[in-house]
Amino acid sequence: MGDTTFPEQPVVDALVFDWGGVLTVSVPEFVGAWLHAEAIDREVYHRIMREWMSREARPDNPVHRLETGELTVAEFERLLAAELITTTGARIDENGLLKRMFGGASPDPAMVELVRKARACGLHTALLSNSWGEGYPKDLLIELFDTVVISGRVGLRKPDERIYVHTLEQIGVPAARAVFFDDAPVNVDAAQAVGMHAFRHTGAESTRAHLATLGVNL
């Protein structure tokens, strides 16, 4: 067995978190609730998301353009609604589509408390999120984060290494002194590639355990 002792002092100065699926309940949970509520054909939805969000997705696809601010929410909603079908044959209302999709994306209380404790301990806390509109709870973001980087505001999106570099510049720490958590493996890989500590988030307890390996005990 290797050395399992944890450092006495934190190895990192900054904690960087994704929003959807990390600071909120899981993406399958809130998206699944929306798919069920609107009787949307799940196979069709997942096929579209693979085409628009996989590692092999075309760089000019609608999700990439939405996340970098090239498409407005209304334009994206129109494109997505045109692709989706329902199992009942009902028409999908494009107006407010993303608001309905993300309606169940409530903050995860355990993760909110983790970030709150980290900031209270003097660690720099940051949000790094690919945005599908601006539906973030503003008061909570102000409470939890010293730095907020949202893709649509900066014209860059994960996993482009430039958005990680930009975030580190905003925080003011070298990559090796920051840790990043995301629920998407491709985004974790990209953070590691620029020199950050990075882990896939699967829940508050596992994220807390990963932090402990870096000397951050919350």
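**Exercise 1.** Is histidine 201 buried or exposed, and what is its relative accessible area?

*Solution.* Some ground rules come before the steps. You're looking at a predicted model, in which local features need pLDDT of at least 70 and side-chain atom pairs count only at pLDDT 80 or more, while totals for chains, interfaces and linings use all residues. Residues are numbered from 1 along each chain as its sequence is written, and side-chain values use heavy atoms, with hydrogens and water left out.

Step 1: Buried means under 20% relative accessible area, exposed means over 50%, and partly exposed is in between (1.4 Å probe, protein chains only).

Step 2: read off the value. Histidine 201 has a relative accessible area of 6%, so it's buried.

Step 3: Histidine 201 sits in the loop between strand 5 and helix 11. Helices here are DSSP runs of H or I with at least four residues, strands are runs of E with at least two, and both are numbered from the N terminus.

Step 4: list the neighbours. Leaving out residues up to four places away in sequence, histidine 201 touches Gly21, Val22, Met111, Phe181, Asp182, Asp183 and Thr207; a contact means heavy atoms within 4.5 Å.

**Exercise 2.** Work out the strand order of the sheet, and find what packs on it.

*Solution.* Step 1: write the order. The open sheet has 5 strands in the order 3-2-1-4-5, with parallel pairing. Two strands pair if DSSP finds at least two bridges between them.

Step 1: find the edges. Strand 3 (147-150) and strand 5 (197-200) each have a single partner strand, so one side of each is left without a neighbour in the sheet.

Step 2: On average, neighbouring strands are turned by 15 degrees against each other, direction ignored. The axes behind such angles are lines fitted to C-alpha atoms (for helices, over the stretch in contact), and angles run from 0 to 180 degrees between N-to-C directions.

Step 3: zoom in on one pair. Strand 1 (residues 14-17) and strand 2 (residues 124-129) run parallel and are joined by 4 bridges, and leucine 15 stands opposite threonine 125 in strand 2.

Step 4: Helix 11 (residues 204-213) lies across strand 1, strand 4 (178-182) and strand 5, at about 160 degrees to strand 4.

**Exercise 3.** Trace the salt bridge of lysine 158 and aspartate 18, then the one of arginine 100 and glutamate 38.

*Solution.* A salt bridge is a side-chain nitrogen of Lys or Arg within 4 Å of a carboxyl oxygen of Asp or Glu. By this rule you get 14 of them.

Step 1: take the first pair. Lysine 158 and aspartate 18 meet at 2.9 Å, N to O. Lysine 158 is in the loop between helix 8 (151-154) and helix 9 (161-171), aspartate 18 is in the loop between strand 1 and helix 1 (27-37), and the two are 140 residues apart.

Step 2: check burial. Lysine 158 is buried at 2% relative accessible area, and aspartate 18 is buried at 6%.

Step 3: Asp18, Lys158 and Asp182 are linked by salt bridges.

Step 4: turn to the second pair. Arginine 100 and glutamate 38 meet at 2.5 Å, N to O. Arginine 100 lies in helix 5 (residues 97-101) and glutamate 38 in the loop between helix 1 and helix 2 (42-53), so the pair ties together parts that are 62 residues apart in sequence. Both ends are partly exposed: arginine 100 has a relative accessible area of 28%, and glutamate 38 has 22%.
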